[in-house]
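Hi,

Here is the structure I promised to hand over. Please have a look at it first; my notes follow below.

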Amino acid sequence: MLASRRILLIVGGGIAAYKALDLIRRLRERGAEVVPVLTRGGAEFVTPLSVSALAGRKVFSDLFDLTDEAEMGHIELSRSADLIVVAPATADLMAKMAHGHADDLASTLLLATDTPVLLAPAMNVRMWQHPATQRNIATLKADGIGFVGPDVGDMACGEHGPGRLAEVPQIVDAIGAALADGPLAGRRVLLTSGPTHEPIDPVRYIANRSSGAQGAAIARELAALGAEVVFVTGPATVPPPGGVEVIRVETAQEMLAAVEGALPADAAIFAAAVADWRVVGASTRKIKKGAGGTPALEFAENPDILATVSAMEAGRPRLVVGFAAETCDVIGHATAKRARKGCDWIVANDVSHATGIMGGTENAVTLITGDGEEEWPRMGKREVARKLAERVARALA
Ligand code: C5P
């Protein structure tokens, strides 16, 4: 997907600039050509020599370099790429972009281009949260600029929160998705993934063992085939891939609201392990141990998101896919589930302990459609995801 694609990589100024060096390697490993541009700030953190050695070509950095202008003007430089990536994208560079400034090579290239642009922001938490930055981001999104990250986590400045540069594999995924022109180009696919957490009180909740691995893999493969993916995820342990729109939720009710808000879509795949029940009247205060004995929890049934969407009269996605994790009579239960839920396909698997599938790296599934059942051999979750994404592409063709 990245082979022979030309990526203009603008490395902005920030401590995360060192990760851009690894990004260059990973992109070249995949056959991409990387044309590097280093801002003045970027050059304070990584040297032009390291950047050009890894990219295997000269690094552009000065707006008024007469040799460069003679060889390749900045307009040409910005337009000959398949994609422009800014990593790390600083608050300052985003502000310049949002306001159309062009006072150095990077901002001039970004203003002069008609090539798609993907930003991987990285900055201090407060800078990220500042209303000015958020305003600029909204402007850039409205202009059609793509984003990957930032992540939430510990930062070099010692603070914690949103602002960390997305991890390199996530940026590579996002680049792959931005360049994808596969059979799902122009299709919007909604995907639920991960577990849900149903609160008992502010510190306790009911959860399940879903890692979100299979859902994340499906999202990645759908995006790689060119789909616009909306990834509604519960608190999973496996991070979402880059290149998809991530909507984070905790409870089943929040997941349903997010799904309804994200429709319409051409296809919807429900890979989440949604809690069947929630606790009625979850306490707003921590329940105390005491003389009252053990608390009695009362449960209410959660909405069935798959069944709700399958039964939609207006705006039902053309293809609705559910999952069935069973521990016995897999095909029998899954076939009955397909009819009961009203979905088009069921991806059924045996999650009994002996299979090692739940939480493992492999999966053995049977695809149940209106035409019958199709048993897939045991394979990696990534291969299952790829095969399913290809089937979805065929169904929507
Ligand atoms: O009924 P069961 O939980 O076995 O069904 C599994 C399928 O239904 C999965 O696709 C799951 O994502 C979906 N589901 C849902 N909402 C629920 C329960 C399950 O979307 N409340």
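This is a predicted model: local features need pLDDT of at least 70, side-chain atom pairs count only at pLDDT 80 or more; totals for chains, interfaces and linings use all residues.

Pro162 sits in strand S7, which spans residues 160–164. Setting aside neighbours within four places in sequence, Pro162 contacts Met123, Val125, Trp128, Gln129, Asp151, Val152 and Met155. Ala178 lies 16 residues from Pro162 along the chain. The C-alpha atoms of Pro162 and Ala178 are 23 Å apart.

Next, the strands at the other end of my notes. S1 covers residues 6–11 and runs parallel to S2. Six bridges join S1 and S2. The chain gets from S1 to S2 by way of helix H1, residues 17–29. This β-α-β crossover is right-handed. Within the pair, Leu9 stands opposite Pro36 of S2. S2 is mostly covered, with five of its six residues buried.

Phe45 is placed in the loop between strand S2 (33–38) and helix H2 (48–55). Is Phe45 buried, partly exposed or exposed? Its relative accessibility is 44%, so Phe45 counts as partly exposed. The cut-offs behind that are under 20% for buried and over 50% for exposed. Phe45 also belongs to a nonpolar patch on the surface, together with Ile15 and Tyr18. The accessible area of Ile15, Tyr18 and Phe45 together is about 330 Å².

Best wishes

Conventions. Residues are numbered from 1 along each chain as its sequence is written. Side-chain values use heavy atoms; hydrogens and water are left out. Patches are made of residues with over 30% relative accessible area and no salt bridge: like charges are joined within 9 Å, nonpolar side chains (Val, Leu, Ile, Met, Phe, Trp, Tyr) within 5 Å. Accessible areas come from the Shrake-Rupley method with a 1.4 Å probe; for residues, only the protein chains shown count as cover. A salt bridge is a side-chain nitrogen of Lys or Arg within 4 Å of a carboxyl oxygen of Asp or Glu. Helices (H or I, at least four residues) and strands (E, at least two) are DSSP runs, numbered from the N terminus. Buried means under 20% relative accessible area, exposed over 50%, partly exposed in between (1.4 Å probe, protein chains only). Contact means heavy atoms within 4.5 Å. Two strands pair if DSSP finds at least two bridges between them. A crossover is right-handed if, with the strands pointing away from the viewer, the path from the first strand over the helix to the second runs clockwise.
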